[in-house]
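Welcome, and thanks for taking a look. Please keep the sequence and the structure open as you read.

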Amino acid sequence: MARLGAARIGVVRPGLLTTVQDLGRVGYQRFGLPLSGAMDRPALRLANRLVGNADQAAGLEITLSGPALLFEREAVIALTGADLSASLDGTPITLWEATRVAKGSTLTFGQRRAGARAYLAVAGGLNVPLVLGSRSTHLRSRTGGLMGRALVQGDVLRGGRPASKAFSVAGRSVPPEARPLYQREPMVRVIPGPQADFFLPEALEALTGGSYTVTPQSDRMGFRLQGPPLIHAGPAEIVSDATPFGAIQVPANRQPILLMADHQTTGGYPKVGVVISVDVPLAAQLIPGDCLRFALVDVGEARAVWRAQEARFASLKPSWGT
């Protein structure tokens, strides 16, 4: 069997918001550049592993209404994350599974069934320029990805060189028990934030005792939530300090803001909690009108959950070289 060549994909329709993303631009927050990258990192990692790529390989993040993509060359792909009714030439495609795509096929999307963001990985990854060690797109600064912007009609995406046995992964899938269940009101776990003591003792009880709705004023930078107020014990502002992905900031209006992939590098609102990394993807798959509930855990439990996730992921590493 001939070796699979680099992919070439034409954008027939761009979809609502389709961007090139990887696992983020690590190491540059101290210079004011956000981490960026995929909102649902595990979904992108699993898609990459299904097609034999490294975890950090660039793929597409597809939001709500997907694109139409013409495969000008044969390819092996995997779709993970949200179920947006994907199909190849009108035939439904199986999510969480590596699929061989014939030259001339068109990938399209339809009705949203679950989640908000789907991830498309192509064997060999997407070959856009590295900018400060990453291919991820940060829209506000027009950094990375395809000229720092979302896809537009007429764009052509080029792939990197696939592994030598890339054809052999077709049909490979993520076991059902390892696939996330995207819900419209997930329970996500939080650890106390670095400024938890800047709030009245009742604040953590309010955070974990109620439900918070994702408002329309939400995007890749952060989700503004509406729910039980979180009352500060003193001023609602602090000297700006670092902000991690998943931090829960609370401004003067007492309503939390959940910081997401494009979050600012520093912030001047106290952080009552931080969503653990394993659960951030459950929030990333929500849309305005969906809800979040929070459960308090300690750092030890957060680490144990992360180790269990990584053990599951280890079984999906390719068993062959490049």
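## About the model

This is a predicted model, in which local features need pLDDT of at least 70 and side-chain atom pairs count only at pLDDT 80 or more, while totals for chains, interfaces and linings use all residues. Residues are numbered from 1 along each chain as its sequence is written, and side-chain values use heavy atoms, leaving out hydrogens and water.

## Helices α1 and α4

Two packed helices are described by the angle between their axes and the distance between the axes. Here, the axes of α1 (residues 41-50) and α4 (residues 299-314) come within 11 Å and cross at roughly 20°. The two helices are therefore roughly parallel (angles under 35 degrees).

Pro42, Arg45, Leu46 and Arg49 of α1 meet Gln309, Glu310, Phe313 and Ala314 of α4, contact meaning heavy atoms within 4.5 Å. By type, these residues are four nonpolar, one polar and three charged.

## Thr243 in its loop

Thr243 sits in the loop between β15 (241-242) and β16 (247-249). With 2% relative accessibility, Thr243 is buried (under 20% relative accessible area, 1.4 Å probe, protein chains only). A polar atom of the Thr243 side chain lies 2.4 Å from the backbone oxygen of Gln264. Beyond four places in sequence, the contacts of Thr243 include Gln29, Leu259 and His263.

## Two positive phi values

Most residues other than glycine have a negative phi. Ser36, in the loop between β2 (17-21) and α1, has a positive phi near 60°. Ser36 is buried, at 0% relative accessible area.

Leu64 also has a positive phi near 60°, and lies in the loop between β3 (59-63) and β4 (68-71).

How values were computed:
Axes are lines fitted to C-alpha atoms, for helices over the stretch in contact, and angles run from 0 to 180 degrees between N-to-C directions. Helices (H or I, at least four residues) and strands (E, at least two) are DSSP runs, numbered from the N terminus. Angles under 35 degrees count as roughly parallel, over 145 as roughly antiparallel, 65 to 115 as roughly perpendicular and the rest as oblique. Ala, Val, Leu, Ile, Met, Phe, Trp, Tyr, Cys and Pro count as nonpolar, Asp, Glu, Lys and Arg as charged, and the others, Gly among them, as polar. Buried means under 20% relative accessible area, exposed over 50%, partly exposed in between (1.4 Å probe, protein chains only). A polar contact is a pair of N or O atoms within 3.5 Å; within protein, one must be able to donate a hydrogen and the other to accept it, and residues adjacent in sequence count only if both atoms are side-chain atoms.
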